[in-house]
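Subject: Handover of a structure and its findings

Dear colleague,

Please find below the sequence and structure that I am handing over to you. My notes on what was found follow directly after them.

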Amino acid sequence: EAAKAALGSEFIDTAPPATAAPTTREMPEDFAEPLSEVEQIGAERARKPDARAKIPTEGLEASLVREFDRIKQARTAAAHGKGTRGTADVDEQEEDRRRRTKEQERSLQRKFILPFACERQSKEGRSRLISWHAPVLAGDMAGEIPEQLRAEVMKPIKMPMSRFASITKAIVEDELPYESLSTSLRPGRGGERRLQAEKRQRQLVEALTDDVVVRLAGQLAHFVYWHVFGALHHNRQLPAKDRHALLLAIYDAWATIEKSWKSSPFGVSVVLPCTLLTVKAVSERCFQYEFNKLAEDEVLWRGLLDRMNVCCMHLFDQDCRYARFGAFDGDDRALRLSKQLNAAMITEKKANPVVAAVARASPLVQQSMTGDAIDAQTRVLLEHRSNAENPIADEWAAGMDEKSRLKLFSVAQRRVDRRPAGRLPLDMHRSRAKSVQFQGTRK
């Protein structure tokens, strides 16, 4: 104060103010500066609840909490341009579908698809293979059925064809894992590839639900029943005339299906294997409905499925080409089992399968061509064929009359796009001496 009085007006006050100065400009309460358009949008969003805010999960059920998490992750993926399909690992419905597809795939592999269907697990956990050419699978199961199950097994199949049609439709539309059976049926990422896969799936479903396939499944079920359990009926066996008619009907149905698809790669690699797989699955379902007590015995049921595979092999697919799917052959386990199975087949058949296939005719020609042939090369091929190579078809065709064999020969010609013959070759009922004499006369 003394210095201030001495200096007077020249004094400069450098002391800090008693109160802090305001940092912002004070405006009257009734003053409102107009907001820009961007500021108005931000203010509007600020007044709304934040969609990304954390949802309170206290007191909620666990399933509801998982549903909230799934929706949140799906929205996050959609915001990043991935879409809701990008979170398939957390989509419960997608996981359930994949799990069911995998279970169906494994079930079909264990029952009908090579080389997995030949693998057996022992009680010690070791794996062993039983080839479809094994002698133990060539016979029937009459001696293996216990007394408590014979009353059920003695009743033949009486399922109507309409029931076979409904079973076929249910299996084809709901149970076959198409995307696992062939890579050509997988949608892929491109739009064109997806459309092509959907088109092929529609063609396949239409082919598998055809009336000829349904009829073949019913005929195969009856054939397997009388082959496996026919010996239990003793004096009430299926008459020879009916056996020949059933065998002819099966060959005719399969020749019709094979002729329609064998000329295209998609038909040979996908349609025909899926057709044979569907026929087996429908026949198995028929046996489950008719013999539910037998289906509860795992050992007997496994033996029935093995003999069903053997029957299809001898009737339609001697080389087991249609019992395999290329989508499974590249697996390490499949390669190992295939190598072991080929070695087992060579041991059991005492011949190389490739060499044996050269001197062999189709089952149709084998059953229709009996006796000696006029042509020397044809006669040599027929002589090389062993009667034990196709014992099931030989047994069912035994005693077939000329009219039935003529129908078989016509089916064989139609199968290879040849005009059906009006009569059998002259050499089919001649002995070797008469054949030689006929050759001399013709010359």
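Helices (H or I, at least four residues) and strands (E, at least two) are DSSP runs, numbered from the N terminus. Residues are numbered from 1 along each chain as its sequence is written. The model is predicted, so local features need pLDDT of at least 70 and side-chain atom pairs count only at pLDDT 80 or more, while totals for chains, interfaces and linings use all residues, and side-chain values use heavy atoms, with hydrogens and water left out.

Backbone features

The loop between helix 13 and helix 14 (326–329) contains Cys320. Although Cys320 is not a glycine, its phi is positive, at about 60°. With a relative accessibility of 5%, Cys320 counts as buried (buried means under 20% relative accessible area, exposed over 50%, and partly exposed in between, with a 1.4 Å probe and protein chains only). A cis peptide bond, with omega near 0°, leads from Leu114 to Pro115. Pro115 belongs to the loop between helix 4 (92–111) and strand 1.

Salt bridges

A salt bridge is a side-chain nitrogen of Lys or Arg within 4 Å of a carboxyl oxygen of Asp or Glu. The structure holds 11 salt bridges. One of them joins the side chains of Glu119 and Arg333, at 2.6 Å from N to O. Because Glu119 lies in strand 1 (residues 119–121) and Arg333 in helix 15 (residues 332–349), this pair ties together parts that are 214 residues apart in sequence. Glu119 is buried, at 14% relative accessibility, whereas Arg333 is partly exposed, at 34%.

Arg307 forms a salt bridge with Glu144, and their closest N and O atoms are 3.3 Å apart. Arg307 is in helix 13 (residues 298–315) and Glu144 is in the loop between strand 2 (127–129) and helix 5 (147–153), so the pair ties together parts that are 163 residues apart in sequence. Arg307 is buried, with a relative accessible area of 4%, while Glu144 is partly exposed, at 42%.

Arg285 and Glu175 also meet through their side chains in a salt bridge (2.8 Å, N to O).

Helix 9 and helix 10

Helix 9 (residues 211–229) packs with helix 10 (residues 240–261) at an angle of about 145°, and their axes are 10 Å apart. Axes here are lines fitted to C-alpha atoms, for helices over the stretch in contact, and angles run from 0 to 180 degrees between N-to-C directions. Contact means heavy atoms within 4.5 Å. Among the residues that meet are Val212, Leu216 and Phe223 in helix 9, and Leu246, Ile250 and Trp254 in helix 10. The residues of this contact divide into 12 nonpolar, 3 polar and no charged (Ala, Val, Leu, Ile, Met, Phe, Trp, Tyr, Cys and Pro count as nonpolar, Asp, Glu, Lys and Arg as charged, and the others, Gly among them, as polar).

Helix 20

The buried residues of helix 20 include Arg405, Leu408, Phe409 and Val411. Helix 10 and helix 17 (363–368) are among the elements that cover the buried residues of helix 20. Asp417, which follows helix 20, has a positive phi near 60°.
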